[in-house]
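Here is a walk through a ligand site and the residues around it.

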Amino acid sequence: MDVTAAGPRRLTIRNVAERAQVSLGTVSNVLNRPEMVAPATRARVRAVMDELGFVRNTAAHQLRMGNSRSVSVVVHDVSNSFFTEAIRGIEDVTNDNGYVVIVSSSDASAEREKRCLRLVEEQRVLGVIITPADKDLGHLVRLQEHGTRVILLDRHGPGGGFCSVAVDDVRGGELAAAHLFSQGHRRIAMVNGPTEIRQCADRRRGVRRAARRAGFDPDTAILDVPVAALSAAGGQGAVARVLAGSPAPTGVVCANDMAAMGVLRGLREAGVRVPDDISVVGYDDIDFAAMLSPSLTSVRQPKYELGASAARLLLEEVSDATHTHREVRFDPELVVRSSSAPASDRTASAKPDSVSTNGTSRSRRTGVSRTGA
Ligand code: RIB
């Protein structure tokens, strides 16, 4: 193989044509319109391709034909298991239809997201499935107007301008906080990301709605503990402010499980027992939630299905001329585990009411399932 400073020189159809002693047009026909080439010539050209290890440059072909086989996915943080599971749903649907996925993390930064999208637009991808970093979607409208299909993941758009898939995060925040208030907690902390992020704003609205519905003033029943990033480090760094609350909260709602894992670690390092001294509730119900000790009570999002639904919407938008944009909404579900217990009974860890054969049973309230984990 011919190697240059820039790396191995890619084989081109010119290399194949010279070795097979045919024209460039004949090699192009073997690739794109094989029925137009005499069988003997077609066989000889293909034998040379195999001998040289030639791989066609589909990107160039697709750019010319305008039908890329790649799908861009832009999420906040690919290392967050919520997005990892959603991306797997996207991959399974798109791969089954002959597409490859290109993933980028925006770190929930509007600037970084815009840089990602500039690169994506150059690739002429089939479309972008994106969890927006910012409330303002103007740049996505322009991207769509320039011909790139845009599907919103984990976010609904304004006035039907996009297909979108998301959970009702206001309801999700309400489930988390109502669970603690129903257990006798009267003062809870909320470890939350920037409310510029729609999910964080909606979950906070839900937590405050739960306080009002429980008969409390949200401003006194809830201690807001903002963090710059909904990460384990962000959660761990929030613990000192949670414990400094006056009056001290006896429960903590975390806007996602990554932050909740950090809160659990910080509480353990501070010698605070969960749930004996303080209850903790997460959000997403990622795989690790059930494996933690204590296992994490969390608001479950259908992560894989969110991704698969977004991918199906994109493929429908590509293939169906009558397609109209629509919003797909999922309901959140509270999964009660060992990290939360009644405020009055912190000396005894909560026991599941009952555990059915599959390890879960549904409590009397809708949207709440109790697991034996
Ligand atoms: O990106 C932060 C959070 O928003 C994720 O953990 C998930 O909950 C998403 O909805």
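In the side chain of N80, an N or O atom sits 2.9 Å from an oxygen atom of the ligand. Such a polar contact is a pair of N or O atoms within 3.5 Å. The side chain of R203 places an N or O atom 2.6 Å from a ligand oxygen. For H76, a polar side-chain atom lies 3.0 Å from an oxygen atom of the ligand. Alone, the ligand exposes 280 Å², and the protein buries 96% of that (Shrake-Rupley method, 1.4 Å probe).

This is a predicted model: local features need pLDDT of at least 70, side-chain atom pairs count only at pLDDT 80 or more, and totals for chains, interfaces and linings use all residues. Residues are numbered from 1 along each chain as its sequence is written, and side-chain values use heavy atoms, with hydrogens and water left out.

The residues surrounding the ligand (a heavy atom within 4 Å) include D154, Q199, N256, D284 and Q301. By class, the shell has two nonpolar, five polar and three charged residues. Domain 2 (68-167 + 304-330) and domain 3 (169-301 + 332-370) both contribute to the shell, so the ligand lies between them. These bounds come from an automatic or database domain assignment.

F82 and F83 also surround the ligand. They form an aromatic pair (ring centres within 6.5 Å). The pair is edge-to-face (planes over 60 degrees apart), at 4.9 Å centre to centre and 85° between the planes. F82 is buried (under 20% relative accessible area), at 2%. F83 is buried too, at 4%.

Terms used: Polar contact = N/O pair within 3.5 Å; in protein donor to acceptor, adjacent residues only side chain to side chain. Nonpolar A, V, L, I, M, F, W, Y, C, P; charged D, E, K, R; others polar. Phe/Tyr/Trp six-rings, centres within 6.5 Å; stacked < 30°, edge-to-face > 60°. Buried < 20%, exposed > 50% of the residue type's maximum accessible area, 1.4 Å probe, protein only.
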